[in-house]
Amino acid sequence: MKTIFDKETREGLIARINKLDENSSAQWGKMNVYQMLKHCTLWEEMLLGKTQYRQSFLGRLVGKMALKDMMKDEPAKKNLPTVPSFKITGNGDVAAAKDEWLGLLAEHATREPSGFMHPFFGQLTAEQAGVMAYKHIDHHLRQFNG
């Protein structure tokens, strides 16, 4: 399975992100392109350990079962619920939001892969984190035809 920690895979995602602009529109879901970029930036900050979250009560109940489904070698399903902390409203500078996200992605080139606490799925290993990060980004790029 693809992982964000693989240089070639990451470069492919970056090329797809670079195709996004203020005219990119969603094929499904409620986010506009700015909101998606900021949402993915928050997710990346979590992956890099810049922000930490606790696992939600619902996540403690069913997170591990849901993680097994999420880790299958297939794209993430459309219209999955978003963790409340990652919901973005409003509009902003798309180019600046894109640059911020790309800057965070570039940090993977100089860091050791590590796991983290996902607010729904719980503690992820480095391998799970890399796959989940790839699937999350791929999901949102497909959402915006990227």
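In this predicted model, I137 touches I4, L13, I17, E44, W101 and L105, leaving aside residues up to four places away in sequence. I137 also belongs to the largest nonpolar core, which has 37 residues. Along with I137, the residues with the most contacts inside this core are M36, L37, W43, W101 and M132. At least two core residues come from each of α1 (7-18), α2, α3, α4 (94-106) and α5. The greatest contribution to the core is that of α2, with eight residues. In soluble globular proteins, nonpolar side chains tend to be buried together.

Most of α5 is covered, with 14 of its 18 residues buried. Its length can be checked against a simple expectation: at 1.5 Å a residue, the 18 residues of α5 should span 26 Å, and because its end C-alpha atoms are 26 Å apart, the two values agree. Just after α5, N145 adopts a positive phi of about 60 degrees.

The largest pocket has a volume of about 1000 Å³. Its lining consists of 35 residues, and N79, L80, P81, T82 and V83 lie nearest its centre. Which element gives the most to the lining of the largest pocket? That element is α5, with six residues. Sorted by class, the lining comprises 18 nonpolar, 11 polar and six charged residues.

Two residues illustrate opposite surface states; their relative accessibilities are tabulated below.

| Residue | Relative accessibility | State |
|---|---|---|
| Q35 | 10% | buried |
| N79 | 52% | exposed |

Q35 is placed in helix α2. Since buried means under 20% relative accessible area, Q35 at 10% counts as buried. Leaving aside residues up to four places away in sequence, Q35 touches K30, I88, T89 and G90.

N79, by contrast, is located in the loop between α3 and α4. The threshold for an exposed residue is over 50%, so N79 at 52% relative accessibility counts as exposed. Although N79 is not a glycine, its phi is positive, at about 60 degrees. N79 is also one of the residues that lie nearest the centre of the largest pocket.

Definitions and conventions. Residues are numbered from 1 along each chain as its sequence is written. This is a predicted model: local features need pLDDT of at least 70, side-chain atom pairs count only at pLDDT 80 or more; totals for chains, interfaces and linings use all residues. Side-chain values use heavy atoms; hydrogens and water are left out. On a 1 Å grid over the protein atoms alone, a cavity is a set of points where a 1.4 Å probe fits but cannot get out, and a pocket is an open set with protein on both sides within 12 Å along at least five of seven lines; lining residues have an atom within 4 Å of a point. Grid points are joined across faces, edges and corners, and a volume is the space filled by probe spheres set on the points. Helices (H or I, at least four residues) and strands (E, at least two) are DSSP runs, numbered from the N terminus. Ala, Val, Leu, Ile, Met, Phe, Trp, Tyr, Cys and Pro count as nonpolar, Asp, Glu, Lys and Arg as charged, and the others, Gly among them, as polar. The expected span of a helix is 1.5 Å times one less than its number of residues. Buried means under 20% relative accessible area, exposed over 50%, partly exposed in between (1.4 Å probe, protein chains only). A nonpolar core is a set of buried Ala, Val, Leu, Ile, Met, Phe, Trp, Tyr and Cys residues joined through side-chain atoms within 4.5 Å. Contact means heavy atoms within 4.5 Å.
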